[in-house]
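Please look over the sequence and the structure shown below before reading on. The report that follows takes up one topic at a time.

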Amino acid sequence: MLGQIKGLHHVTSMARDAAENNAFFTRTLGLRRVKKTVNFDAPDVYHLYYGDEFGTPGSVITYFPFPHIARGKPGTGEVGTTAFSVPVGSLGFWEKRLGEQGVKGLERHEKFGEQRLFFRGPDADGIALVETADDSRPIWTGGGVPDDAAIRGFHSVAMRLQDAGSTAELLKLMGYEQIDQSGNIRRFAMAGGNGADVVDIETLPMTAPSREGAGSVHHVAFAVEDRAAQLEVRKALADTGYMVTPVIDRDYFFSIYFRTPGGVLFEVATNEPGFARDEAPEHLGEELRLPKQHEHLRSMLEAHLQPIGEQA
Ligand code: ZN
């Protein structure tokens, strides 16, 4: 079992409308936009990052808004729900707030002894808030959500798989242990993680594979401290038979990617260098930042990219 992975790093999803996406995550959910940049491979498409005040690994949800893509079709082989941690007793506040803002699919329930509020993002994204005791991770209240309700980072991701077996083995290799089971859902958690320590696997053998589109999670990234730890994880995965990409510089972290047996794309990303690499911490996410290989496209991109407004 590896000891280098420290929980989730970020979750990256797809959207259709950049301005709507920005408004939902900054204004409705009260996260901070910590980076406004573009897709490395398609620089005419934004890459928007939302998280806590600093974009701490374990708090960051990121989006590629492709203006004309079709809505994704839910199914197996994907992350179905991305859950954020909120303080105990805050779901009443959230239910009222989200209801007033016209958020769809609101549903309160209990799972593994925790109170949850499930809802749909702008592209029917599966999102939940989970009441978690004693989560002291940093928050961002610049989005207008009071301290006693603000999101504390990720609680978990939940994958829907036709067959959980080999992905469960992979999670164990990565440092997770199964801590509970409820019906067809197995819960895995990591000791000594960054707070975003839970992964659920829901087994749905008869459900057809998903089709990726707006509202789908594109990949889930797990955190390692630095590049040395990342290389150790890469070697262990490759030795186990996974096809892992070389290390890729993503400007704010270094990444490796591999496809898991259940179909979900995993990334392992470093905590360094972080989002303050190219702008002051007090101004994160305000200006368009471009990867250096795309800097020469700045005037074209600034004219072409849809204005998305301020953070909130
Ligand atoms: Zn990523």
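## Strand pairing around E12

Strand E11, which covers residues 185-189, is joined to E12 by 5 bridges, and the two strands run antiparallel. The model in which this pairing is seen is a predicted one. Within the pairing, Arg186 has Ile201 of E12 as its bridge partner, and Phe188 stands opposite Val199, which also belongs to E12.

## The open sheet

These pairings belong to an open sheet of 8 strands, whose order is E6-E7-E8-E5-E9-E12-E11-E10 and whose pairing is mixed. At its edges stand strand E6 (104-111) and strand E10 (177-182), each of which pairs on one side only. From one strand to the next, the twist of this sheet averages 25 degrees.

## The zinc site

Which residues coordinate the zinc ion? The donors are His10 through NE2, His219 through NE2 and Glu267 through OE, and they lie at 1.9 to 2.0 Å from the ion. Read along the chain, these donors follow the spacing H-x208-H-x47-E. Since His10 lies in strand E1 and His219 in strand E13, the pair ties together parts that are 209 residues apart in sequence.

Are the two histidines buried or exposed? His10 has a relative accessible area of 2%, and because a residue under 20% counts as buried, His10 is placed in that class. His219, with a relative accessible area of 5%, is likewise buried.

## The largest pocket

The largest pocket of the model has a volume of about 260 Å³. It is lined by 17 residues, and those closest to its centre are Asp41, Phe64, His219, Arg250 and Tyr257. Two or more lining residues come from each of strand E1 (5-15), strand E3 (46-51), strand E4 (60-65), strand E13 (217-224), strand E15 (253-259) and strand E16 (265-273). Sorted by class, the lining is made up of 7 nonpolar, 7 polar and 3 charged residues.

## Backbone details

A cis peptide bond joins Glu272 and Pro273, with omega at about -5 degrees. Pro273 has its place in strand E16, one of the strands that give two or more residues to the lining of the largest pocket.

Where do residues other than glycine show a positive phi? One of them is Phe112, whose phi is near 50 degrees and whose place is in the loop between E6 and strand E7 (114-120). The relative accessibility of Phe112 is 18%, so this phenylalanine counts as buried. Another is Asp251, which is not a glycine and yet has a positive phi of about 70 degrees. Asp251 is found in the loop between strand E14 (248-249) and E15, and at 7% relative accessibility this aspartate also counts as buried.

Note on methods: Residues are numbered from 1 along each chain as its sequence is written. This is a predicted model: local features need pLDDT of at least 70, side-chain atom pairs count only at pLDDT 80 or more; totals for chains, interfaces and linings use all residues. Side-chain values use heavy atoms; hydrogens and water are left out. On a 1 Å grid over the protein atoms alone, a cavity is a set of points where a 1.4 Å probe fits but cannot get out, and a pocket is an open set with protein on both sides within 12 Å along at least five of seven lines; lining residues have an atom within 4 Å of a point. Grid points are joined across faces, edges and corners, and a volume is the space filled by probe spheres set on the points. Helices (H or I, at least four residues) and strands (E, at least two) are DSSP runs, numbered from the N terminus. Ala, Val, Leu, Ile, Met, Phe, Trp, Tyr, Cys and Pro count as nonpolar, Asp, Glu, Lys and Arg as charged, and the others, Gly among them, as polar. Donors are N, O and S atoms within 2.8 Å of the metal (3.2 Å for Na, K and Ca); water is not among the atoms, so sites may look incomplete. Buried means under 20% relative accessible area, exposed over 50%, partly exposed in between (1.4 Å probe, protein chains only). Two strands pair if DSSP finds at least two bridges between them. Axes are lines fitted to C-alpha atoms, for helices over the stretch in contact, and angles run from 0 to 180 degrees between N-to-C directions.
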